[in-house]
There are 6 protein chains.
Amino acid sequence: MRIRLINPNTTETMTETIADAARLVAAPTTRIEASTSKSGAASIEGHYDEAMSIIGLIEAIRDDPDADAYVIACFGDPGLLAAREFTAAPVLGIAEAAMHAASFVATGFSVVTTLERTRIIAEHLVRNYGMTQHCRRVRAVDIPVLALEDPSSMARARILAECEAAIAEDSSGAIVLGCAGMADLTRYIQDRLQIPVIDGVAAAVKFAEALVGLGLKTSKRGDLAFPLPKVYRGLTADYAPEEPQLKASRIR
Amino acid sequence: MRIRLINPNTTETMTETIADAARLVAAPTTRIEASTSKSGAASIEGHYDEAMSIIGLIEAIRDDPDADAYVIACFGDPGLLAAREFTAAPVLGIAEAAMHAASFVATGFSVVTTLERTRIIAEHLVRNYGMTQHCRRVRAVDIPVLALEDPSSMARARILAECEAAIAEDSSGAIVLGCAGMADLTRYIQDRLQIPVIDGVAAAVKFAEALVGLGLKTSKRGDLAFPLPKVYRGLTADYAPEEPQLKASRIR
Amino acid sequence: MRIRLINPNTTETMTETIADAARLVAAPTTRIEASTSKSGAASIEGHYDEAMSIIGLIEAIRDDPDADAYVIACFGDPGLLAAREFTAAPVLGIAEAAMHAASFVATGFSVVTTLERTRIIAEHLVRNYGMTQHCRRVRAVDIPVLALEDPSSMARARILAECEAAIAEDSSGAIVLGCAGMADLTRYIQDRLQIPVIDGVAAAVKFAEALVGLGLKTSKRGDLAFPLPKVYRGLTADYAPEEPQLKASRIR
Amino acid sequence: MRIRLINPNTTETMTETIADAARLVAAPTTRIEASTSKSGAASIEGHYDEAMSIIGLIEAIRDDPDADAYVIACFGDPGLLAAREFTAAPVLGIAEAAMHAASFVATGFSVVTTLERTRIIAEHLVRNYGMTQHCRRVRAVDIPVLALEDPSSMARARILAECEAAIAEDSSGAIVLGCAGMADLTRYIQDRLQIPVIDGVAAAVKFAEALVGLGLKTSKRGDLAFPLPKVYRGLTADYAPEEPQLKASRIR
Amino acid sequence: MRIRLINPNTTETMTETIADAARLVAAPTTRIEASTSKSGAASIEGHYDEAMSIIGLIEAIRDDPDADAYVIACFGDPGLLAAREFTAAPVLGIAEAAMHAASFVATGFSVVTTLERTRIIAEHLVRNYGMTQHCRRVRAVDIPVLALEDPSSMARARILAECEAAIAEDSSGAIVLGCAGMADLTRYIQDRLQIPVIDGVAAAVKFAEALVGLGLKTSKRGDLAFPLPKVYRGLTADYAPEEPQLKASRIR
Amino acid sequence: MRIRLINPNTTETMTETIADAARLVAAPTTRIEASTSKSGAASIEGHYDEAMSIIGLIEAIRDDPDADAYVIACFGDPGLLAAREFTAAPVLGIAEAAMHAASFVATGFSVVTTLERTRIIAEHLVRNYGMTQHCRRVRAVDIPVLALEDPSSMARARILAECEAAIAEDSSGAIVLGCAGMADLTRYIQDRLQIPVIDGVAAAVKFAEALVGLGLKTSKRGDLAFPLPKVYRGLTADYAPEEPQLKASRIR
């Protein structure tokens, strides 16, 4: 099976980190292919960055129409429903996967994300995914996404401290790491806290494998049916939905 | 006061309909300036069309940075939070405005939208705007958006019939028209049903006037602060957020 | 257009403050006419005061049946649905208007009200208006309503301090002032906090203008239809609902 | 123990029906004393009638300050929190009592009320009492309250038919009768349906006995503390809250 | 009337405490008969202890099939719906009864329970009983259940301190004691705090009396109908549901 | 990896069906070992059957303490949290797994279960798992669980018909089969409906593989920590929790 792992920001070093985390957990028979988005922001830190990243995400799916599943490797799960509409193969967001996984191993979890300004995005996802009862709190360490790659940012220590606060103050039994760029911290933090620490990239890869193994594809009945064919203009002209039969002939 | 009314689809005839509806209710001192999106779909009928329309929406705001307020004239309110981040002037979505207005004049309302496949989008908005208690049902007539402009589509009759069903079956006291393209039907339907019928375009224009009149701007503290300046690549390269001070010097 | 602004408490000096706030934002073509309630409490600070104030509110509407819209200028929105039943003209509560306005300019807001004992009233309104997702917290400064008019009460300083706490602790992007008597503090606080500060009196006036401009009236289908004509006894004898045709002949 | 049962409408024949239902279930040591409201509507069929009935309700409590508990015998529970503020003795609403009782004997129940226009009032109570999960539907037979006393109204047959529909369509295991005036139908309907049928008057009397037996009084900490003493004007002048010490000396 | 009060843990001294609390409030005509569970844990402090206690609970009901009502005297209300299915007589859980009683005398309450690890159980009950709006917080003192009987545990002082914190920090108007073993502390704490303090054992006894007085039994339509007769194996072989007619002949 | 698949009812032929469904989707490196419960009901059709099945479920886990993960193959997910407390290995319920899987491939799904009386159990799970927004309706075909194995019961046809009704009336994009005994119908129904049809047994197996692959175990911090060691009596005497260190030495 082949999973297309898409980093919707344009920073290639982050794609490396993400791909490593994915490969660490992928089944031997799963091939992880990672893309860095060709369009969009160097890091996704708000509603605007998210909205602007979707075109690059769709581009990446279009460039690889035959993957068995797709993973959107940004904790805001930008463009998740648009992507599900665009392809029939399963698409998983990493926030979605992480929260669902957390709900399987703890009755309450906390999310630890990067910037205070992206906290609301995670809170909206908590609500949309029905995780209000499980997610006890979304916390932010106020570190820019790209600083995660900078050793001098003390990111590691500050994230660990926030996770410790989550355990002490939120009565949480598990931690969800709220940024794809934190994927390489999972083991480090889990070893120290001795509770489940969940990285969405790894979780999404395993859930994608699960869905493919179940033979499940996105429902094409209702709102997730392929986009209706029509004319697109301007910057997006090239992204106009094709006739379904054309598309079906190309997508499995 | 000047309100920039943006039709996020690329069909100019629909922009005319929308602009007419807006001007009909605008205060004498309000100037309505309407734009048709330069990028995106001819009609917005799903998550994918919505996602692809946001770049055109932002383009339209960027092209007119000095408007006193902006209205997003598509019932899915695509890109609403991204737009609020991008500018300091108030931004209103028409679904948002219509639902809030309906909640002021009835304890329960129904939404009547176009396609069955877009019904879920309206249902998500109902939840996100806190309208679960007020909105008794979202109904779809299953007419494509552009057919609203085609007299032979019987759109008018079918929408009226659905509104009648809403009154009879949902115990609703008001109707929200679930598509910008229905703006010119408001009076027709209200005259026949004798209950409040609310077009979001008109509602958004009046609420935009209200916010401007109150001297309110979008909060720049937290997630709606201006996007952090950073590099954008590819199709969106031109949309990279500027330094706030640059931006501030250009936007009032 | 003529808006009847009703202070449902019986303190005339407070009516002055409220009327000033209303006139400050009203359109040039809007005439604000303010009434002090003739029946009820000198200040409304609890469920009992609220319940007892409704008869005075209705009295004020009945005394001016031809207003284009009515505003109930007490943050508990006492009698809102009763008033909507009694007249066909739009009726707005100031808590309702303030919360809706806040949700247009911030993804999260805090309410700062007077007495601890009235906090629950605001919390109930938050829930009834569907604002649970937007309102992050209701805070009380524990100042009696009438002390707002007393310079020695340090009301201004304490309210400002509570607003600052709201920003720091609740991650709120906007403040809703939770008492009609705070109307004159809006500018003062907003200037210091540099985030939107919303006074419900002003918001209600502008939304009332908006609804009148939209030609919307309260739905007379369902629970907000005119009260059924019947005999009333005792203190309320004079308030028995009339036959609808009688009423219709008097109310536009 | 002595329970003051207050019919907040002014129709004495209905008070008889209610008092009979109460006495049928009261413990031998409980004395039921029933009052017909001296102020307010002949029947309570909407938000306006409710609001106008509260002064009469408070009058009835004030006229008998020494009762061990009070029951508000109208299914909208008008003035419930105001009454709880006014007295320290337990106060129960019949809608509240009926819904709570139903939740003890079935996982789902339906409410069958009188007028379509009062259905929303019951729905608001369902939400406020946290009964959303238990109450599967509120149904209305569209019979005016006073027609319940008129044999030719076929009220009995129509209510029974609606209850049967509730069982068949709502999967409800119990019925809550949504009007004090239906109190005498409980046995009749329960015998035919063979499921629990709950009249709020009876339920409130028994729960009032329970609270008194537990030695519980309404909390005087927070929003239900006695109303703050202050001046009242106009029609309500006579209802100004007294100084607590005065009050305490009169109320046990 | 005869109420069977079942302590679902196997510690007889605790049954004494519970029975005393029950008898203190029971009506003169009510006979309280208390059982200590013959199967299960010495104390119930988690999901596992709860699950393992249900067989003993059912055993106790089966051993006394003619009681007028049953009370499950453990704050997690283990096996409540199973018990309601098993018998037609009313069954009350003490958490359920306490929370409902609290909602009758305060608009907000806090629960004070024993172990931090059982806090989530109370929180789940809050949600299942629709008490989310009323219950402001569940607090744990982190005292093992059986330590409540040990004077050296300082249980009394620590519970009182936690209740004081609840009043100060949660704005609660009442306290629900979150363990059957706290039944004898009610008066002590209430005297010190001067707000309603509710022990579920007492509340459940009074509500059971109320339901019996109303002639209400558990609905046998739907999910609470008697268990379908079928073969059981192993440890539970003896608990196979009988044919309803057999059962009906034995249970009133 | 080795997954212990536990049929908590005592019918061995059903275990066969379930094990077949599990093996069909298990990875080549996964060994499925299926157990039929030694204690409990021949079929689980209500709260009582569920409660009585938990001891057999725990027995099955105890008999195989070294499995990498456990699946509870009954759609009510009986004893899920107790099992998670009892072992550190991941435990998945099939209702839980099916609903989560459905939410990944459709924005709305319907559950089709067996008996009307078990419908409420599924509805409670929907709420507890946060699936209220995704699950549009729970439907019952009113076929006893064991009739699923009886060709003359027309079970297959009736389930298919109910699924078709779900698509037509609920606007659902996917179907969740609400009984472990339906596992062999998945393919049959999916082929006919052309939308995702999800059997919880298969979904739970794949999610269990995913969690094991992620190295996740149930959080032992908080309510899911191993049960506190204590004395158990009677039928459950043999199930008293051991000292953690003893347990840890036996469970990986």
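Student: Let's start with chain B and chain E: how far apart are their nearest C-alpha atoms?
Tutor: Keep in mind that we're looking at a predicted model. In this model, chain B and chain E don't touch. Their nearest C-alpha atoms are separated by 15 Å.

Student: How much area is buried between chain B and chain A?
Tutor: Here the chains do meet, with 46 residues from chain B and 46 residues from chain A taking part. Carbon and sulfur atoms give 57% of the area buried between them. That buried area comes to about 4000 Å².

Student: Which residues of chain B lose the most area to chain A?
Tutor: Three residues head the list, and together they account for 21% of what the chain B side buries. They are Y48(B), R117(B) and L235(B).

Student: Okay, charges next. Which residue of chain A does E85(B) form a salt bridge with?
Tutor: Between chain B and chain A the count is 6 salt bridges. In the one made by E85(B), the closest N and O atoms are 2.9 Å apart. The partner of E85(B) is R117(A).

Student: Which element gives the most to the side of chain B that touches chain A?
Tutor: Several elements of chain B each supply at least two residues to that side, including β3 (40-41), α3 (80-86) and α5 (119-128). By class, the side has 24 nonpolar, 12 polar and 10 charged residues. The top contributor, with 8 residues, is α2(B).

Student: Now chain A and chain E. How much area is buried there?
Tutor: In this pair, 4 residues of chain A are in contact with 5 residues of chain E. On the chain A side, T107(A), Q133(A) and R136(A) lose the most area, together 80% of what that side buries. Carbon and sulfur atoms give 37% of the total, which is about 410 Å².

Student: Which residue of chain E meets R136(A) in a salt bridge?
Tutor: The interface of chain A and chain E has 1 salt bridge. It joins two side chains at 2.3 Å, N to O, and R136(A) is paired there with E123(E).

Student: How far is E50(C) from the nearest side chain of opposite charge?
Tutor: E50(C) sits in helix α2 (residues 47-62) of chain C. Beyond its close sequence neighbours, E50(C) is in contact with I44(C), G76(C), P78(C) and I121(C). A salt bridge needs the two charged groups within 4 Å. E50(C) is buried and has no salt bridge, with R117(C), the nearest side chain of opposite charge, at 11 Å.

Student: Last one: is S103(D) buried or exposed?
Tutor: S103(D) belongs to helix α4 (residues 94-105) of chain D, and its side chain reaches the backbone oxygen of H100(D) at 2.8 Å. Leaving aside neighbours within four places in sequence, its contacts include F109(D) and M131(D), plus R84(E), E96(E) and H100(E) from chain E. Anything under 20% relative accessible area counts as buried. S103(D) has a relative accessible area of 4%, so the answer is buried.

Notes: Residues are numbered from 1 along each chain as its sequence is written. Chains are lettered from A and ligands numbered from 1 in the order in which they are written. This is a predicted model: local features need pLDDT of at least 70, side-chain atom pairs count only at pLDDT 80 or more; totals for chains, interfaces and linings use all residues. Side-chain values use heavy atoms; hydrogens and water are left out. Contact means heavy atoms within 4.5 Å. Buried area is the accessible area (1.4 Å probe) that two parts lose on being put together, summed over both. Helices (H or I, at least four residues) and strands (E, at least two) are DSSP runs, numbered from the N terminus. Buried means under 20% relative accessible area, exposed over 50%, partly exposed in between (1.4 Å probe, protein chains only). Lys and Arg count as positive and Asp and Glu as negative; His and the chain ends are not counted. A polar contact is a pair of N or O atoms within 3.5 Å; within protein, one must be able to donate a hydrogen and the other to accept it, and residues adjacent in sequence count only if both atoms are side-chain atoms. Ala, Val, Leu, Ile, Met, Phe, Trp, Tyr, Cys and Pro count as nonpolar, Asp, Glu, Lys and Arg as charged, and the others, Gly among them, as polar.
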